[in-house]
Amino acid sequence: MKLRIATYNIHKGVSAFGRKTRIHDLKEAIKLLDADLIFLQEVQGQHDYHAKKHVNWPEQGQHDFLAGETHTSVYGMNAVYQHGHHGNALLSRLPILQSTNFDVSDHAYEQRGILHVRIQLGALHAHCFVIHLGLFAASRRRQVQALIAQIQAEVDSSEPLIIAGDFNDWSKGLSRTLYKELGVIEAFDIANHSHAELPIKRSALNSVKSLFKSTTNHARTFPAGLPWLSLDRVYLRGFEVEQAKVLSGKPWSNLSDHVPICVDLQLQHSANHHG
């Protein structure tokens, strides 16, 4: 079974300081991705000020507006303020079975959450985690430990797993922790090793470790005009990566401060025949 996924920090659908609305252009661009699952960060669920300022501001929350008629949306509200709120969202063409949003805020000045969505993937249940980690390294480490604990408690090792979003991890230091604890691999690491399979069981970790020595090959996604920091990631378990690409240049360089990642996947053979 093939699957196309994307992850994108949409900067609340506005330009810097909210001067211009970009949400309509974002909707058209996201359609071009033709992705089955779209992991979104900085999604504006409500913003009364922008709604008054911009005459064409959508009446719906951005998650529903971007989903349109082709996808179903799930929204995890994280940051709440007087004039509205924003958070993470998943847009899905596949049936959504269950969703939960977990608060992983590390201090009062950054409200963060992890959105966990369980979807129907053929005969299997797959788990999607939409991530937007904090700006401070210590916060990110604690938030990743919370993510690991949640996955270990709620996701069977035989079930396909996708963790995607904005990790704010410019040092790339979190990947090894996730590799070790969850048996996942980042899509661009595996895309640089042709025909390698992603492990579905932790016993496969020994063979995976040989792929990674001292560096990782994560995509550069920020800032959008000239991407050079690797902030956005797609971690996988139970899939093979057919293609992983960064969508830089126009129109993406004008829509947000990040550019999106798009990954084509094949459900791993052992997962296809599970059970």
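In this predicted model, the largest nonpolar core has 50 residues, and Ile-5, Leu-37, Ile-162 and Ile-163 touch the most other members. Strand S7 supplies the largest share of this core, with 6 residues. A second, separate core holds 24 residues, among them Ala-6, Ile-23, Ile-38 and Ala-224.

**A residue of the largest core**
- Ile-163 is one of the residues that touch the most other members of the largest core.
- Leaving aside neighbours within four places in sequence, Ile-163 is in contact with Phe-129, Ile-131, Leu-147, Ile-151, Leu-182, Val-184, Arg-233, Val-234 and Tyr-235.

- Strands of a sheet pair through backbone hydrogen bonds, in either a parallel or an antiparallel way.
- An open sheet is formed here by 6 strands with mixed pairing, and their order is S5-S6-S7-S8-S10-S9.
- Strand S5 (96–103) and strand S9 (185–186) are the edge strands, each pairing on one side only.
- Inside this order, strand S6 (residues 113–121) pairs with strand S7 (residues 124–132) in the antiparallel sense, over 7 bridges.
- Ile-119 has Ala-126 of S7 standing opposite.

**Helices H5 and H4**
- Helix H5 (residues 175–182) packs on the sheet, where it touches strand S8 (161–166), S9 and strand S10 (232–237).
- The direction of H5 makes about 15° with that of S10.
- Helix H4 (residues 137–154) has 18 residues.
- From first C-alpha to last, H4 reaches 26 Å, close to the 26 Å expected at 1.5 Å a residue.
- The buried residues of H4 are Ser-139, Arg-140, Gln-143, Val-144, Leu-147, Ile-148, Gln-150 and Ile-151.
- The elements that cover these buried residues include S5, S6, S7, S8 and H5.
- Two of the buried residues of H4, Leu-147 and Ile-151, are also contacts of Ile-163.

**Strand S1 and its partners**
- Strand S1 (residues 2–9) is mostly covered, since 6 of its 8 residues are buried.
- S1 pairs with strand S12 (residues 261–267) in the antiparallel sense over 6 bridges, and Lys-2 stands opposite Gln-266 in S12.
- S1 also pairs with strand S2 (residues 37–47), in the parallel sense and over 5 bridges.
- The bridge partner of Thr-7 in S2 is Phe-39.

Conventions:
Residues are numbered from 1 along each chain as its sequence is written. This is a predicted model: local features need pLDDT of at least 70, side-chain atom pairs count only at pLDDT 80 or more; totals for chains, interfaces and linings use all residues. Side-chain values use heavy atoms; hydrogens and water are left out. Two strands pair if DSSP finds at least two bridges between them. Helices (H or I, at least four residues) and strands (E, at least two) are DSSP runs, numbered from the N terminus. Contact means heavy atoms within 4.5 Å. Axes are lines fitted to C-alpha atoms, for helices over the stretch in contact, and angles run from 0 to 180 degrees between N-to-C directions. The expected span of a helix is 1.5 Å times one less than its number of residues. Buried means under 20% relative accessible area, exposed over 50%, partly exposed in between (1.4 Å probe, protein chains only). A nonpolar core is a set of buried Ala, Val, Leu, Ile, Met, Phe, Trp, Tyr and Cys residues joined through side-chain atoms within 4.5 Å.
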